[in-house]
Every structure is written in structure tokens, then in C-alpha cells.
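Hi,

Here is the model I said I'd pass on.

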Amino acid sequence: MTTPAQDAPLVLPSVVFQPIRLLLICIALTAVATLAAAGLGHVMFGAFFGFGLALGLVNALLIRRSVQSITAQDHPLKSKMAMNSATRLLVITVVGLVVAYLFRPQGLGVLFGLALFEVLLVATTALPVMKKLRSEAATGSDALGTEGTAQ
């Protein structure tokens, strides 16, 4: 007998997440975007872009907090994590869309900031993991190669 997916225990790999590094990258991107937008006469676009990056960072911190609290339970459930994620994404999406609508056209910077943050988050977490996997694979293949020849 199998457990339905929504009732299955939540198992998450350890993820490299460095919020301080992301914060510094977001500050730098906000400064560049604001300067570029100011050069084009739309300084508020850069400010809204920074707000979108900040929303993304808050979302990432909330993800970490919810994962830690849910996985600390005796029987963490995927359905609890899914509901938490859906609620959080709904709130952040509504905030982004409302700001973009109320302050259009420059408020669209919020949506661009959110989108770019997601790319940053994936890059800053996936690249170190891939690098570690490659180094372990290289070490493992070297060990196998030397093991096979040293008889």
C-alpha cells in the first residue's frame, strides 16, 4: 500500500542559501537599475525594481523559515508545504500586481525585480550545488580510475 502524495512525508535536500550574498547582489542591482533608469528619465522605475528584488528576498527568507518549521515536525506533510507556498506566492503576486497597476508604467519595475530575483535565487543556489556535485564526481571517478589500475 502506498501513501498518497499529499500525505507523504516532506523530504528536502539541504540547499545552499546565502541571504547576505543575495542582499548585497540586490543592493548592487538596485543601484545599477536606478542609475540606468535615471539616465533615461525614469528614476522611479529603478526604485520599484529594487522593491521587487526586496519582495523576492523576503519571499526567500519566508521559504526558509517555513521549511525549517515544517520539517522540524515529527511528520511533515507535503500538503502543508504546498499550502504555505501557494498562500505566500498569492500574497506576493497580488502586492506586485497592485503596485505595478497603481504606479504604472514605472511600477512595472516591481515585476521585473521579482522576476530577476527568482533567476538570481536559482543561480546562487544551483551553481554551488552543481559545482560540488562535479567535484565529487571527479573525485569519485579519479578514485575509481586509480583503484582499477593499482592492482
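Ser66 sits in helix α2 (helices are DSSP runs of H or I with at least four residues, strands are runs of E with at least two, and both are numbered from the N terminus). Ser66 counts as buried because its relative accessibility is 5%; buried means under 20% relative accessible area, exposed over 50% and partly exposed in between, with a 1.4 Å probe and protein chains only. Setting aside neighbours within four places in sequence, Ser66 is in contact with Met81, Asn84 and Arg88, where contact is heavy atoms within 4.5 Å.

Before the rest, some housekeeping. This is a predicted model, so local features need pLDDT of at least 70 and side-chain atom pairs count only at pLDDT 80 or more, while totals for chains, interfaces and linings use all residues. Residues are numbered from 1 along each chain as its sequence is written, and side-chain values use heavy atoms, with hydrogens and water left out.

Now the overall picture. The protein has four helices and zero strands, running α-α-α-α from the N terminus. Of its 151 residues, 26% are buried. Among contacts with a separation of 6 or more, 73% are between residues 24 or more positions apart.

On to the helix pair. α1 (residues 19-39) and α2 (residues 43-71) pack at about 165°, with axes 7 Å apart; axes are lines fitted to C-alpha atoms, for helices over the stretch in contact, and angles run from 0 to 180 degrees between N-to-C directions. The two helices are therefore roughly antiparallel (over 145 degrees; under 35 is roughly parallel, 65 to 115 roughly perpendicular, the rest oblique). Residues of α1 including Leu22, Cys26 and Ala33 meet a set in α2 that includes Phe49, Leu53 and Leu57. The residues of this contact divide into 15 nonpolar, four polar and one charged (Ala, Val, Leu, Ile, Met, Phe, Trp, Tyr, Cys and Pro are nonpolar; Asp, Glu, Lys and Arg charged; the others, Gly among them, polar).

Finally, the cores. A nonpolar core here is a set of buried Ala, Val, Leu, Ile, Met, Phe, Trp, Tyr and Cys residues joined through side-chain atoms within 4.5 Å. The largest has 11 residues, among them Phe17, Leu22, Phe49, Ala60 and Phe117. α1, α2 and α4 (109-149) each supply at least two residues of this core, and α2 gives the most, with four. Ala60 touches Phe17, Phe117 and Leu121, not counting residues up to four places away in sequence. A second, separate core of six residues includes Phe48, Ile92, Val110 and Leu114.

Cheers
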